[in-house]
Amino acid sequence: MSLQITCRNPACGAALKLNDSLAGKKVRCPKCAKIFEAEAPATLDLPRENETLPLPSTPRQSIVGSATPLHVSNSNTLIDDRPLMAQGVPVIERIGRFQIRTKLGEGAFGEVFRAYDPQLDREVALKVAKPGTLTTPDRIERFLREAKSAANLRHPNIVPLFDTGRDGARYFIASAFIQGRTLEAELEEGHLTQTDTARIIRKLAEALAYAHSQGIIHRDVKPANVMIDEQGEPHLMDFGLAARAESGEEKLTQEGVAMGTPAYMAPEQAKGEQEKVGPASDQYSLGCTLYEMLVGHTPFSGAPAQQLFLHQTNIPKSPRSLNRGVPRDLDTVVMKCLEKEVGKRYADCQELAEDLRRWASGEPITARRAGQVERLVKWTKRNPAVAGLMAAVVLVSIVGGTISYLNYRQAQTEATNAKKQEGIAQTEAANAKTQEGIAIEKADLATKEAKESRRLLDLSRLRSAQADFRNNLVQVAHDTLVPRPS
Ligand SMILES: Nc1ncnc2c1ncn2[C@@H]1O[C@H](COP(=O)(O)OP(=O)(O)O)[C@@H](O)[C@H]1O
Ligand SMILES: [Mg+2]
């Protein structure tokens, strides 16, 4: 039975569903964390036949809780830590050797419980297929594929898988219990810094590079499949769609049918081209996750079918164009992961991890920023109508510009010629001036020479007259000094 109430925080007002045993007790709203008293039932839902656990089916909508003790679980759902039996609801207490404690979440095939393994004295996350869901060998195979895929993976950032088995009609998979919450829940809080973001994605890229090196492709990388532990370390989980590249497991997937989560699916995955889905598809999904962490939403939105289409055809707006606070290099890294062509993405997830490490330590990244031309081509593909209009404007400008340019060139040539002529005239004038100077100098020199020869002539006459006087040749001396007119 359930009790429907509304959160008492007027700013929140979330519609909440509680177990009716909580009527009159204190509960905490999973959306705004306000603690308030659950009022008397407004409406009562009758339990369905065979319903075992009235626990949340959609993590962020339903509540199971009591006055004490309450805590927010990994999936951000209110969880009552008392044993389920104490909550007065019919429960499964044990599956295989595992003691069921609380419910953590619910997926396509079944539910995930926090459970205790008395044999190894440790807590586990127990994924249990709902009875009636694994009706065909194919379905059983698919459910257990997670176990097969992840069984041999040992990496600090991959949730280790412990056991798999069957209890009556219930198949189960036990993995390490991670105390924390999903990256999806972390993103809703919005407390992660860009440094945290780059570190988390780097570690997930390393985890994926390792899984790929072991021949495992995850195929459903997204924030909901990453647990962030209490130290802030990411742990990749849910290898439910994973495939082993070299095995015949592809037969379990239908050609032409997309598998994964539309918001994070690589173009080749969205097309349902199973043989093309590989490590680079996980890199693309991780790129979508990084994109979401930087701007708050995935690259594309809309109905699932629309998103599948957009992944194949549209280039998303770059994170930096949506938020100038996104560093240029991180923007480049995201857009490289989101390339439509596999060959244009990073060669592998390890290279992606390396670039994120470089970014964090302030080194230049290796991913090449798309050149101006490449970016223009991409932009044109994204905005064909605007691009067409702009092309027309550019064409008109080019024609107009060419005419103006030719006129300008002609005017410039004429100006240059005029300048040349002026230069020649100036040079000639300068030459003439130089010649005139030389001529004047020559004339001066000639005048000086003439004066000097006259002076020398006068001097020799004087000397000759002196000699004549001394020899009493007065008349001769007189004639020398005063030459008779001829
Ligand atoms: N190892 C784990 N430790 C803690 N919580 C887990 C663990 N595995 C799963 N959960 C919780 O269960 C939810 C569903 O798990 P998941 O493996 O993604 O299964 P599915 O997607 O098939 O429902 C997760 O969102 C998380 O809240
Ligand atoms: Mg999942």
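**View 1. Residues around ligand 1 in the predicted model.** Of the 22 residues around ligand 1, those that come nearest are Gly105, Gly107, Val112, Ala125 and Asp238; a residue is near a molecule if its C-beta atom, placed from the backbone, lies within 6 Å of it. Two or more residues of the shell come from each of strand S9 (98-106), strand S11 (122-129) and strand S13 (170-176). S9 gives the largest share, three residues. Helices (H or I, at least four residues) and strands (E, at least two) are DSSP runs, numbered from the N terminus. By class, the shell holds eleven nonpolar, eight polar and three charged residues. Here Ala, Val, Leu, Ile, Met, Phe, Trp, Tyr, Cys and Pro count as nonpolar, Asp, Glu, Lys and Arg as charged, and the others, Gly among them, as polar. The model is predicted: local features need pLDDT of at least 70, side-chain atom pairs count only at pLDDT 80 or more, and totals for chains, interfaces and linings use all residues. Residues are numbered from 1 along each chain as its sequence is written, while chains are lettered from A and ligands numbered from 1 in the order in which they are written.

View 2. Three strands in the order S14-S16-S17 form an open sheet with antiparallel pairing; two strands pair if DSSP finds at least two bridges between them. Strand S14 (180-182) and strand S17 (234-236) are the edge strands, each pairing on one side only. On average, neighbouring strands of this sheet are turned by 30° against each other, direction ignored. Three bridges join strand S16 (residues 226-229) to S17 in the antiparallel sense, and Val226 stands opposite Leu236 in S17. Helix H3 (residues 194-213) packs on the sheet and touches S16 and S17; contact requires C-beta atoms, placed from the backbone, within 7 Å. The direction of H3 makes about 35° with that of S17. Axes are lines fitted to C-alpha atoms, for helices over the stretch in contact, and angles run from 0 to 180 degrees between N-to-C directions.

**View 3. Helix H5 and the residue that follows.** 17 of the 17 residues of helix H5 are buried, so H5 is largely enclosed by the rest of the structure. A residue is buried if 20 or more other C-beta atoms, placed from the backbone, lie within 10 Å of its own. The end C-alpha atoms of H5 (residues 279-295) are 25 Å apart, which agrees with the 24 Å that its 17 residues should span at 1.5 Å a residue. That expected span is 1.5 Å times one less than the number of residues. Just after H5, Gly296 takes a positive phi of about 95°.

Methods:
Contact = placed C-beta atoms within 7 Å. Buried ≥ 20, exposed ≤ 12 C-beta atoms within 10 Å, placed from the backbone.
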